[in-house]
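Here are a few exercises to work through with the sequence and the model side by side. Try each task yourself before reading its solution.

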Amino acid sequence: MSDIIIWTVASLTVLGLLLAVILYYVAQKFKVEENPKIGEVDSVLPQANCGGCGFAGCHAFAESCVKQGSLEGHFCTVGGNAVMKLVAEKMGVEAVEQAPQVAVVRCQGSPDKRKKTNDYGGASSCKVKASLYTGDTGCKYGCLGEGDCVDACNFDAIHMNPQTGLPEVTEENCTACGACVKACPLDIIELRNKGPKGRRVYVACKNEDKGGVARKACSIACIGCGLCEKACKFGAITIVNNLAYVDFNKCKLCRQCVVVCPTGAMTAVNFPTPLPKKKETKKAPKASEITKPVVPPINDAAKTEAAKPIAVKSNIATDNSAKVQAKKELKTEKKVEE
Amino acid sequence: MKTFNIGGAHPNDNKISKDAAIEDFPIVKKAYIPMAQHIGAPAKPIVAVGDYVKVGQKIAEAGGFISANIHSSVSGKVLAIKPVADLAGRPVNTIIVNVEGDEWLDSIDRSPEINSNITLSGKEIIDKVKECGVVGMGGASFPTNVKLSPPPGNKAEFLLINCAECEPYLTSDYRLMLEQPEQIFVGAAVIMKALNVDVCKIGVEENKPDAIAKLQSFESKYTGIKVVPLKKKYPQGGEKQLIQAMTGRYVGSGKLPISVGAVVQNCATAIAVYEAVQKNKPLFEGVITVTGDCLPVQKNLKLRVGTPMNEIMDYIGGVPEEAVKLISGGPMMGKAIANLNAPTVKASSAILALTADQTLRKEESNCIRCGKCIDACPMGLEPYLLIRYTKRNNLEELENNDVFDCIECGCCLYTCPANIPLLDYIRVGKADVMGVIRGRAAAKRAAAQNKPENNKKEK
């Protein structure tokens with residue numbers, strides 16, 4: 001009896017050793033040589049494999065970083081600047097800071113603002129709905145409300161609000177990977193800079209119809225009236241195809257555009273208190289105080305005019321920057337010629 | 001009796017409007033004539049705002065090889081040329097004519113006599129068909145002149161006239177068969193001359209015995225044209241299905257009917273060709289069925305292109321409250337009307353009103369892999385697989401599984417016991433793959449264009 005046990009143990013031990021030797025040999029012989037840096041970089045990445053960086057997954061991102069030797073064109077939106085700092089340390093290069101971004105839904109057409117013109121009974125998919133017709137409201141640019149963006153999100157950051165029928169982004173969870181942006185067939189979701197303390201101003205509308213048509217379809221639509229463009233002192237707002245757009249790099253969050261917007265399409269989020277309309281006149285004297293030596297304010301008319309010099313100043317500033325840019329371009333051109 | 005042998009469904013045919021004789025619809029006050037009434041490039045307007053146009057006058061020119069001329073269906077002044085929403089709500093460039101009287105072009109022969117003496121040659125016929133803007137009236141609106149000129153290397157052997165009208169509810173073709181049978185025969189004879197073939201078969205489904213009898217009475221007068229009764233099965237009117245049913249030949253995947261020597265024309269198209277060639281009358285009116293169990297009256301109306309659909313509904317006494325869904329076309333392949341102000345087009349075949357019970361989709365559940373959709377597919381595809389690939393956005397596999405063969409007949413969706421909207425997804429998948437194929441073709445063209453330039457540089 002004991003013989004059998006001894007033989008079994010002995011034979012299994014020998015077999016195990018033999019296989020171990022073979023495995024070790026094979027592992028050495030067919031070893032895949034990989035830059036150890038790739039593993040190091042990979043280890044600090046969040047391993048979400050969301051594809052938000054534009055690569056197939058975290059490992060592919062790490063591989064590309066190491067191969068290129070720099071971090072240019074590489075940014076992990078999930079990890080943000082903190083992770084990119086770690087990656088830069090591992091790589092031994094300087095980190096490229098990027099402003100954190102967040103997904104923003106550019107439609108506010110809840111049923112009370114955007115009347116339904118028909119009922120949809122097909123497959124519950126925005127993509128299918130968009131392929132069939134222009135949606136169940138008068139606005140053909142607005143949210144279709146079937147939730148393709150919700151299905152696309154890997155981070156539980158976007159949900160349909162049953163009351164408004166529109167998707168809402170949970171900012172804490174949003175990693176700006178862009179999956180929802182790709183999923184939306186109407187391009188309603190946009191990645192925008194999160195802004196200081198999460199404060200940001202944007203046009204929550206995509207309607208490119210003429211004012212009357214847009215307003216008839218939805219009471220909160222952008223009608224392309226241009227008031228915000230005039231109110232903005234920083235040239236951050238442009239109107240293309242009857243639709244205003246706020247450039248988040250130029251926006252200084254003064255919210256003058258929100259004050260003048262007649263429909264409410266211009267949206268400001270995460271600001272402490274809603275901006276009362278009076279502030280517009282309050283701000284004007286402030287501006288005039290700064291420019292007192294130039295234009296002494298005598299009456300109300302002058303007060304409103306007082307805003308102009310500032311606008312001119314900012315123009316000059318932009319002109320200067322344009323000149324600097326032009327110079328830079330010249331330099332680079334010269335370099336190219338050399 | 002003959003029929004096709006792969007797949008198919010047997011929906012109740014509900015031809016409740018079949019006894020309503022074709023009625024002339026009164027001319028509307030404003031006609032909205034869209035520039036995109038056919039497959040292919042939209043037509044380009046050749047009239048300006050303020051111009052006076054007559055009935056039958058060409059107002060827009062074909063915008064490419066696959067495109068068609070458009071003629072005014074009314075007489076009056078052009079009010080505007082601007083985008084107007086079509087039935088899906090999408091803007092289409094439209095010529096709006098303010099109707100004044102009913103003045104026809106003098107060249108149009110309006111006499112009721114049938115002119116069966118074909119004087120034009122084959123090429124002249126094709127040019128005439130092109131000039132008159134005739135498109136396929138079966139639904140796809142493919143320009144007829146393109147179909148009548150087979151690509152080099154192919155020779156048409158026979159002509160099939162599609163009088164199957166397999167869609168439930170539709171009766172416009174049936175009424176045409178009863179009221180204008182001889183026009184169909186002359187039209188067929190004209191097309192035969194253009195194609196230089198001497199065999200023509202007219203396929204009619206068995207549920208229209210009086211139409212079959214009526215058409216058969218003309219067989220002796222027109223040699224070479226035979227009427228073939230077909231077993232009732234949907235989608236018999238599909239081009240490839242009809243060819244298989246009537247001749248036993250299979251059109252291969254991705255091939256055109258001409259590859260087996262067949263040319264298929266709808267019966268309304270045959271009449272349009274007859275009118276264009278023999279009567280010099282461009283295509284600007286057609287017969288549409290206005291039907292539905294909830295409507296007080298069932299009608300077959302002959303109306304001008306560009307008639308707003310809401311005026312048609314007003315004519316028959318308004319849209320009843322229980323009608324929750326209006327469909328342009330039949331219940332299987334038709335499109336829901338999201339915008340009732342949209343005008344009719346050349347190939348409009350019906351307005352169908354459905355009640356809530358008839359149109360409500362049951363709740364979708366999971367696929368139980370019963371394979372009913374595969375049995376039902378008349379093209380031999382696997383719909384359940386196609387929608388899985390569509391949902392995963394796997395365009396490569398979609399293409400490998402011949403998503404392009406899908407004729408969008410809706411048999412899969414009709415038979416699915418889990419109420420999965422199969423066709424809805426397949427249509428999206430098809431469009432996506434189409435985008436990829438177009439991109440590939442464009443890249444090829446760009447490469448071909450770049451090549452000679454590179455060669456020149458090298459020289």
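**Exercise 1.** What percentage of the 338 residues of chain A count as buried?

*Solution.* Start with the ground rules: this is a predicted model, in which local features need pLDDT of at least 70 and side-chain atom pairs count only at pLDDT 80 or more, while totals for chains, interfaces and linings use all residues. Residues are numbered from 1 along each chain as its sequence is written, and chains are lettered from A and ligands numbered from 1 in the order in which they are written.
Next, the cut-off: a residue is buried if 20 or more other C-beta atoms, placed from the backbone, lie within 10 Å of its own. By that test, 33% of chain A's 338 residues are buried.

**Exercise 2.** Find the residues of the largest nonpolar core that touch the most other members.

*Solution.* A nonpolar core is a set of buried Ala, Val, Leu, Ile, Met, Phe, Trp, Tyr and Cys residues joined through C-beta atoms within 7 Å. The largest one has 135 residues, and those touching the most other members are Leu159(B), Ile161(B), Ala188(B), Ile191(B), Val273(B) and Leu422(B). Helix H4 of chain B (residues 181-195) supplies the largest share, ten residues; a helix here is a DSSP run of H or I with at least four residues, numbered from the N terminus.
Now zoom in on Ile191(B). Setting aside neighbours within four places in sequence, Ile191(B) is in contact (C-beta atoms, placed from the backbone, within 7 Å) with Leu148(B), Leu159(B), Gln265(B), Ala270(B) and Val273(B).

**Exercise 3.** Describe where chain B touches chain A.

*Solution.* Count both sides: twelve residues come from chain B and eleven residues from chain A. On the chain B side, helix H14 (residues 422-458) gives the most, with five residues. Finally, sort that side by class: six nonpolar, two polar and four charged residues. Here Ala, Val, Leu, Ile, Met, Phe, Trp, Tyr, Cys and Pro count as nonpolar, Asp, Glu, Lys and Arg as charged, and the others, Gly among them, as polar.

Methods. Two residues are in contact if their C-beta atoms, placed from the backbone, lie within 7 Å. Helices (H or I, at least four residues) and strands (E, at least two) are DSSP runs, numbered from the N terminus. A residue is buried if 20 or more other C-beta atoms lie within 10 Å of its own, exposed if 12 or fewer, and partly exposed in between; C-beta atoms are placed from the backbone.
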